[in-house]
Amino acid sequence: MGSTLAEKVWADHLVRQGENGAPDLLYIDLMLMHEVTSPQAFEGLRLAGRTPRRVDQLIATEDHNTPTIDIDRPNPDRISALQLQTLERNCKEFGVRLHGMGDADQGIVHAFAPILGLTQPGMTIVCGDSHTSTHGAFGALAFGIGTSEVEHVMATQTLSLKPFKTMAINVDGSLPAGVTSKDIILAIIAKIGTGGGQGHVLEYRGEAISKLSMEARMTMCNMSIEGGARAGMIAPDETTYEYLQGRPHAPEGKMWDMALEYWKTLKTDD
């Protein structure tokens, strides 16, 4: 039997298959972190005397409690300021790379990784935020996790999960003038309901999807959560490759050629 895009990425990251109903153990390529869901995870490591298993596969930014203006001034909200200070202190102690306030690469956690080329096809990506599904626009299996799971990934670079179901959503034809990706995903949610994707990875396919920009695809995958899904995905194509090429963390030279060869296999079988 053939496999879906999500099933292929899952299989490529399987560390151990669960038996008798037990969950699988999945390797995680990249974990994004921010100031809201990380403090307890860092404290858990500290209390257990552990250090991150793969600190090079963790990256943090400040985004949930940051002011949008006057970023060079003290944060007027005391609790927000404390959370930001705690993240900075934790990242320094554990050696986690941080793009903090004032850093040119600091930004919204769902956007800064694609912009830097950290998000790539075929990866498993997690973050303590439900809208991590945004990265599925690149053909990555990306989903939000809880704080205890953030600690588990920090300690082991793996996650214990039962496989998700998969659902294909085909959108054919061309979009009329003035219709955007936001309209497409809202129409899909109106059709399947806010719980229609529960337990599933939604894969968006068809002519209308292939014509979308990467930013538009990110919007669709981001809002998969509003349809109740665990994640959303779109198979990588030339639009994906053009977006990634030349970005700071994208592969180069022979590594780019090797990556491209693998990325082109990331599609649901006929």
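Before reading any packing angle, I noted that helix axes here are lines fitted to C-alpha atoms over the stretch in contact, with angles running from 0 to 180 degrees between N-to-C directions. I also kept in mind that this is a predicted model.

Entry 1, H6 and H8. I looked up helix H6 (residues 181-192) against H8, and found that their axes come within 8 Å and cross at roughly 25°. Since angles under 35 degrees count as roughly parallel, H6 is therefore roughly parallel to H8. I recorded the crossing of H6 and H8 as right-handed. On the H6 side the contact is made by Ser181, Lys182, Ile184, Ile185 and Ile188, and on the H8 side by Ala216, Thr219 and Met220. Sorting the residues of this contact of H6 with H8, I have five nonpolar, two polar and one charged.

I next asked what lies around Leu212, which sits in the loop between helix H7 (207-210) and helix H8 (214-222). Is Leu212 buried or exposed? With a relative accessible area of 8%, Leu212 is buried, because the cut-off for buried is under 20%. Leaving aside neighbours within four places in sequence, I listed its contacts as Leu175, Ser181, Ile184, Arg217, Met220 and Thr239. Among these, Ser181 and Ile184 of H6 and Met220 of H8 also take part in the contact between the two helices of the previous entry. For Thr239 I looked up the separation from Leu212 as well, and the two are 27 residues apart in sequence and 8.5 Å apart in space, C-alpha to C-alpha.

I then turned to helix H2 (residues 39-48) and helix H5 (residues 147-156), which pack at an angle of about 50° with their axes 8 Å apart. H2 and H5 are therefore oblique to each other, and H2 passes H5 in a right-handed crossing. In this contact, Gln40, Ala41, Phe42, Gly44 and Leu45 of H2 meet Thr147, Val150, Glu151, Met154 and Ala155 of H5. By type, I sorted the residues of the contact of H2 with H5 into six nonpolar, three polar and one charged.

For H2 and H3, I found that the axes come within 10 Å and cross at roughly 35°, and here H2 passes H3 in a left-handed crossing. Pro39, Phe42, Leu45 and Arg46 of H2 make the contact with Thr86, Leu87, Asn90, Cys91, Glu93 and Phe94 of H3. The residues of the contact of H2 with H3 divide into six nonpolar, two polar and two charged.

Which residues of H2 are buried? I noted Pro39, Ala41, Phe42, Gly44 and Leu45, and what covers them includes strand S3 (30-33), helix H3 (78-94) and H5. After H2 comes Gly49, for which I noted a positive phi, near 70°.

Last, I looked up Gln157, placed in the loop between H5 and strand S8 (158-161), and it counts as buried at 1% relative accessibility. Its side chain reaches the backbone oxygen of Ile28 at 2.8 Å. Not counting residues up to four places away in sequence, Gln157 touches Leu26, Tyr27, Ile28, Asp29, Leu30, Arg53, Arg54, Gln57, Leu58 and His152.

Notes
Residues are numbered from 1 along each chain as its sequence is written. This is a predicted model: local features need pLDDT of at least 70, side-chain atom pairs count only at pLDDT 80 or more; totals for chains, interfaces and linings use all residues. Side-chain values use heavy atoms; hydrogens and water are left out. Helices (H or I, at least four residues) and strands (E, at least two) are DSSP runs, numbered from the N terminus. Angles under 35 degrees count as roughly parallel, over 145 as roughly antiparallel, 65 to 115 as roughly perpendicular and the rest as oblique. A crossing is left-handed if the near helix is turned anticlockwise from the far one by less than a right angle, and right-handed if clockwise. Contact means heavy atoms within 4.5 Å. Ala, Val, Leu, Ile, Met, Phe, Trp, Tyr, Cys and Pro count as nonpolar, Asp, Glu, Lys and Arg as charged, and the others, Gly among them, as polar. Buried means under 20% relative accessible area, exposed over 50%, partly exposed in between (1.4 Å probe, protein chains only). A polar contact is a pair of N or O atoms within 3.5 Å; within protein, one must be able to donate a hydrogen and the other to accept it, and residues adjacent in sequence count only if both atoms are side-chain atoms.
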